[in-house]
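Look over the sequence and the model first.

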Amino acid sequence: MRIAVLGANGQLGSDVVAEARRRGHEVVELTRAKLDLERLEAIPTALGAVAFEALVNATGYHRTDEAEAQAQLAFTINAHAVERLALVCAEKKARLVHISTDYVFDGLADRPYREDDPPGPLNVYGASKLAGEGLARRAHADTVVLRVASLFGVAGSSGKGGNFVETMIRIGREKGQLKVVGDITMSPTFTADVARILLELLEREAPPGVYHAVNSGRATWFDFARRIVERAGVKAVVERISSDQYPTAARRPAFSALDNSKAARVAGEIPPWEEALDRYLALKGYR
Ligand SMILES: NC(=O)c1ccc[n+]([C@@H]2O[C@H](COP(=O)([O-])OP(=O)(O)OC[C@H]3O[C@@H](n4cnc5c(N)ncnc54)[C@H](OP(=O)(O)O)[C@@H]3O)[C@@H](O)[C@H]2O)c1
């Protein structure tokens with residue numbers, strides 16, 4: 001398959017590129033230099049000139065706190081640009097795989113969210129990503145939306161400057177102490193595992209629609225930090241704090257673990273986050 005990857009240098013995008021090549025697909029890497037999503041009017045011509053059978057949109061404006069004061073930019077990149085990508089895919093009869101987020105949910109569920117649970121974003125970022133999902137699916141029936149969450153990948157997030165795992169290891173080593181929020185539960189997820197799920201969905205021609213592509217299990221940020229420190233051999237005390245003690249500009253769902261069983265029915269068993277973290281730490285030379 002000829003697969004174009006937008007955000008090819010990002011944390012997730014770079015793993016999608018590597019996984020697709022490993023499986024023998026032809027990959028077209030698209031970066032901001034070739035296609036800047038802020039320039040909405042340029043998208044049809046720039047993307048129209050590229051030949052592909054599937055487009056993966058791994059871009060995003062995802063600085064959650066900054067987005068509260070940057071709604072226009074967030075909606076441009078996460079929603080309006082995505083609609084234009086979908087329209088080009090519709091013209092080319094190419095499948096669109098669009099990456100979305102667990103932050104489309106309000107966090108009030110008492111079990112991991114399924115794909116058809118009603119969304120209710122609490123912040124601008126989540127609202128803009130939800131708008132992107134809807135606009136893409138309305139513009140192009142052959143759209144797969146992959147909701148991912150709390151990503152860690154070898155490339156680190158360019159948008160956020162690293163990832164949570166690296167931050168915990170760095171601060172843990174520097175200060176010997178970490179204070180981490182223990183009342184927010186989510187699905188820690190290794191980008192290499194998302195890339196594998198994504199390629200399985202493409203190769204198996206999974207029906208269009210929404211899929212939750214996260215590692216199995218769930219954790220609070222405190223649980224996650226404790227495990228990182230322990231498995232990376234960092235000598236640091238991890239103290240549990242509440243989100244009230246760590247105020248942020250954007251509200252976040254208290255519970256956003258995702259149920260990945262729909263994706264697993266197509267892609268096969270999805271490893272638990274603890275095992276994924278060990279693989280990540282080994283790749284980075286921490287274990
Ligand atoms: N990181 C998380 O924990 C998390 C959680 C849930 C969902 N997600 C979603 O997962 C996706 C990938 O996240 P990630 O962690 O891989 O992020 P990342 O490393 O920051 O990658 C984002 C990519 O988007 C590109 N991009 C941003 N603005 C662009 C623009 N105007 N035009 C063209 N490209 C642009 C970036 O290019 P530059 O390098 O040039 O900036 C980068 O390649 C995003 O859709 C995000 O919303 C992430």
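Predicted model: local features only at pLDDT ≥ 70, side-chain atom pairs only at ≥ 80, totals over all residues.

Residues are numbered from 1 along each chain as its sequence is written.

**Whole chain**

- The chain has 10 helices and 12 strands. Helices (H or I, at least four residues) and strands (E, at least two) are DSSP runs, numbered from the N terminus.
- The radius of gyration is 18 Å, close to the 19 Å that the globule rule gives for 287 residues, so the chain is as compact as a globular protein of that length. The radius is taken over C-alpha atoms, and the globule rule is 2.2 Å times the number of residues to the power 0.38.
- Along the principal axes, the C-alpha atoms fill a box of roughly 55 × 40 × 35 Å.
- Of the 287 residues, 50% count as buried. Buried means 20 or more other C-beta atoms within 10 Å of a residue's own, exposed means 12 or fewer, and partly exposed lies in between; C-beta atoms are placed from the backbone.
- Among contacts between residues at least 6 apart in sequence, 81% join residues at least 24 apart. Two residues are in contact if their C-beta atoms, placed from the backbone, lie within 7 Å.

**Ligand shell**

- There are 27 residues around the ligand, and Gly7, Gly10, Thr59, Gly60 and Gly159 come nearest. A residue is near a molecule if its C-beta atom, placed from the backbone, lies within 6 Å of it.
- By class, the shell has 10 nonpolar, 14 polar and three charged residues. Ala, Val, Leu, Ile, Met, Phe, Trp, Tyr, Cys and Pro count as nonpolar, Asp, Glu, Lys and Arg as charged, and the others, Gly among them, as polar.
- Helix 1 (11–22) and strand 4 (95–101) each supply at least two shell residues. The largest share, three residues, comes from helix 1.

**Helix 1**

- Helix 1 has 12 residues and reaches 17 Å from its first C-alpha to its last, close to the 16 Å expected at 1.5 Å a residue. The expected span is 1.5 Å times one less than the number of residues.
- Nine of the 12 residues of helix 1 are buried, leaving the helix mostly covered. Among them are Leu12, Val16 and Val17, along with Asp15 and Glu19.
- Gly24 follows helix 1, with a positive phi near 90 degrees.

- Helix 8 is largely enclosed by the rest of the structure, because 10 of its 12 residues are buried. These include Trp221, Phe222, Phe224, Arg226 and Arg227.
- The buried residues of helix 8 pack against helix 6 (164–175), strand 7 (177–181), strand 11 (219–220), strand 12 (237–241) and helix 10 (273–283).
- In helix 10, Trp273, Ala276, Leu277 and Tyr280 are buried. Seen down the axis, the buried residues of helix 10 fall within an arc of 100 degrees, so they line one face of the helix. The arc is that of the directions from the helix axis to the C-beta atoms.
- Partners of that buried set include helix 6, helix 7 (191–203), strand 11 and helix 8.
- Each helix is followed by a glycine with positive phi: Gly233 after helix 8, near 70 degrees, and Gly285 after helix 10, near 80 degrees.

**Single residues**

- Asn57 is in strand 3 (residues 54–57). Asn57 counts as buried because it has 28 C-beta neighbours inside 10 Å.
- Leu6 is 51 residues from Asn57 along the chain, yet their C-alpha atoms are separated by 4.9 Å. Asn57 also touches residues including Gly7, Val82 and His98.
- Gln72, in helix 4, is exposed, with 11 other C-beta atoms within 10 Å. Its C-alpha atom is 33 Å from that of Ala18, 54 residues away along the chain.

- Most residues other than glycine have a negative phi.
- Lys93 has a positive phi near 55 degrees. Lys93 sits in the loop between helix 4 (71–92) and strand 4, and counts as exposed with 9 C-beta neighbours inside 10 Å.
- Ser150 has a positive phi of about 40 degrees. Ser150 lies in the loop between strand 5 (143–148) and strand 6, and counts as buried with 23 C-beta neighbours inside 10 Å.

Definitions and conventions:
Lists of a residue's contacts leave out its neighbours within four places in sequence.
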